[in-house]
Amino acid sequence: MNRSLEQGLSELYLSNLDMIGEGLPGRLNAARSSFLESFNLSPLPSARDERYRHCDLQKLFAGEWEHYFTPSPEPGQARNRLPIEGYWIELYNGFCPTDDALVVLDNGIIYGSLRVAMREREDLVLKYYNTVADNDGESVVALNSLFMQDGAFVYVPEGVSASLPFVLSFEYGTNDAAQMCFARSLVVVERGAHADVVVSHQSTDNSRVLVDCVRESIVADGGNVNLSEIVRMNGSSTLITGHYLHQKESSRADMLSVWLRGGTTRVNARHDLAGRGCESNFYGLYFGTGNERTDICMTVNHLQPDCTSYESVKGIVSGEAVGAFTGRVYVAPDAQRTSAFQQNRNLQMSDTAKVYTEPQLEIYADDVKCSHGATVGQMDPEAIYYMRQRGIGEEEARRLQMFGFVNDIVSHCPHDGACDFVRELAEARINEL
Amino acid sequence: MLEVKNLHCTVEGKEILRGINLSVRTGEVHAIMGPNGSGKSTFASVLAGNQKYEVTEGEVSFDGMDLLGMSIEDRARAGLFLGFQYPVEIPGVSMANFMKLAVNEQRKYRGLEPLSAGDFLRLMREKSAIVELDSKLTSRAVNEGFSGGEKKKNEIFQMAMLDPKLAILDETDSGLDIDALRIVATGVTKLHRPDNATVVITHYQRLLDYIVPDYVHVLYKGRIIYTGDKSLALKLEEQGYDWLINQYQ
């Protein structure tokens, strides 16, 4: 019998564990054995697994992948960076390139390398690290926790409102062999604090990368986070992301994710509304052309009463692209007076493009207001005709209709400084369709 | 301005227009009336270039150009405007953006520079007053959530913005209450000039109290079977179409 993928990855860990754990807290490294165990207990899911029908991790991880245990040098070529002024954290293939990359501001804000933060603020970081990520349920998360050496860390202390956005810029590129990377981030917004966070995942060249990414965001009582994410990976890349958001009482999160491009993109997002009176708004937009594949799995857990959630994810697929959305809204037995809305709408531009959508509600409380919906549609020929009758050319009319379709998503960009840029990116992408 | 000769068209193999002849000169107002299913809306759609209809015979010249050989957008840019019976909603596209694009496409066709943002806003304000269109509507998405009356006002507003040579208004009066009808019809009248022309398709004489036609045509089974002056509309209102149809048969 061939060595399984899981055996190979476990051996890769075991033969490099000294290097992986070097310079990191002993208790963190000690915990890795449990991740190894959970990874071994739950193998990487294949398409036979209901949840991974549209994204076969066995196939994606198969083949030869290089993995480097030391920081990659900064890529030399010019990159299309986000034009955002902010507290930047730059990571290449999952590592902050320098070892002094931790900034502590006068108001107590801490941001920079997760590795450095673990070394210098061990108690603070480990109080939150791996408290919300699903290491038991998702083998890719356990794998990330096993190999984690660095990442991005953001900490906003009680009552502090960060005046600039934190920009978490993850860049990937190797210029040579196919490479596997682990990307990690931890965002902590304390009681009554406010933070804007912009996350970017971007390929810097055309090389094949497989990125296993985990993000934990924790918003304490009365905290408030605006969280945007912009994904611009190349067509041969695979990005598997796990986003775990944990909200406490009366906190609020406004989120926008735009998956502009990428070979295969898999998103596991879980938003836990774990305190009374939380509000969570999520807007998502994905584009698929050629053979791109986007598979979004979102769960919103209403665990406490009086919480509100809103999720709207839209997609445009053309060529032979595949888009999949699985949304789940769970309302716990005690979560009375929950208000939850979830929708997924898709525009299918070609007969060969495929869309799978599955919104689900799971409600155990009786005093709730929940609704969901999903649509897959084509361009509206009547609207095109109407616009052409006003003198707008056919191509322009099609584009205008697509802009119209994505407009309510991009207009919910939660960062003033990033909205125009997000809109430009979406418009440029539409022009390619 | 518009010369229609022996126009035939089919939809899904069924012949709807069976030899229409019509001549519209600059400065004229024509009304086209006729029973349901006689082909009035089809005629308007064929002139606008709706691809649902296949022209099988005949020719149409517009301002000396072969209209049937032109794309939908080029017909519009050349000055042909169709007021839709059922205006289409375009979610997410604001009226202002939509109109700006349309106006500037037409200007480009005519070799003019695009309007500046200031000039465009001024034009929007000025023209929306013609049909008493709430300025809030122009910041909303095209026709989305508009009432029936607002949609029709919006058609005339667009007509005012685009200043067409020939406006064809397809049952612009349908679904309007008395006040909205007055506003819409007065708007159309205000836009009429000696150097343009209007064709109104309607079921009701009432509209023609405001928009006084030079000619009234009766369309029946895909042909114009009778042409008269404005008094024809009054007679039709009183007596219906039977006398004409009997005469025709």
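Chain B and chain A bury about 2,000 Å² between them, and carbon and sulfur atoms give 61% of that area. Buried area here is the accessible area, with a 1.4 Å probe, that two parts lose on being put together, summed over both. This is a predicted model, where local features need pLDDT of at least 70, side-chain atom pairs count only at pLDDT 80 or more, and totals for chains, interfaces and linings use all residues. Residues are numbered from 1 along each chain as its sequence is written, chains are lettered from A and ligands numbered from 1 in the order in which they are written, and side-chain values use heavy atoms, with hydrogens and water left out.

Let's stay with the interface. On the chain B side, 32 residues are in contact with 18 residues of chain A. Contact means heavy atoms within 4.5 Å. How many residue pairs are in polar contact across this interface? The rule finds 12, with both residues at pLDDT 80 or more. A polar contact is a pair of N or O atoms within 3.5 Å; within protein, one must be able to donate a hydrogen and the other to accept it, and residues adjacent in sequence count only if both atoms are side-chain atoms.

Which elements of chain B give two or more residues to the side that touches chain A? They are helix H1 (40–48), helix H2 (72–77), strand S6 (80–83), strand S7 (90–94), helix H3 (95–109) and H5 of chain B. Helices (H or I, at least four residues) and strands (E, at least two) are DSSP runs, numbered from the N terminus. H3(B) gives the largest share, five residues. By type, that side of chain B divides into 17 nonpolar, nine polar and six charged residues. Ala, Val, Leu, Ile, Met, Phe, Trp, Tyr, Cys and Pro count as nonpolar, Asp, Glu, Lys and Arg as charged, and the others, Gly among them, as polar.

Now the salt bridges. There are two across the interface by the rule, which asks for a side-chain nitrogen of Lys or Arg within 4 Å of a carboxyl oxygen of Asp or Glu. Arg388(A) pairs with Glu73(B) in a salt bridge, closest N and O atoms 2.5 Å apart. Arg388(A) sits in helix H8 (residues 381–389) of chain A. Arg388(A) is buried, at 5% relative accessibility. Buried means under 20% relative accessible area, exposed over 50%, partly exposed in between (1.4 Å probe, protein chains only). Leaving aside neighbours within four places in sequence, its contacts include Gln51(B), Ser71(B), Ile72(B) and Ala76(B).

Ser45(B) lies in helix H1 of chain B, buried at 11% relative accessibility. Not counting residues up to four places away in sequence, Ser45(B) touches Tyr385(A), Asn50(B) and Tyr53(B).

Asn143(B) is in the loop between strand S8 (141–142) and helix H5 (148–162) of chain B. Buried or exposed? Asn143(B) is buried, at 0% relative accessible area. A polar atom of its side chain lies 2.8 Å from the backbone oxygen of Val88(B).

Last, cysteines. The disulfide count over all chains is zero, taking a pair of cysteine sulfur atoms within 2.5 Å as the rule. Cys307(A) is buried, at 0% relative accessibility. For Cys297(A), the closest cysteine sulfur is in Cys55(A), 8.9 Å away and again too far for a bond. Cys297(A) is buried too, at 14%.
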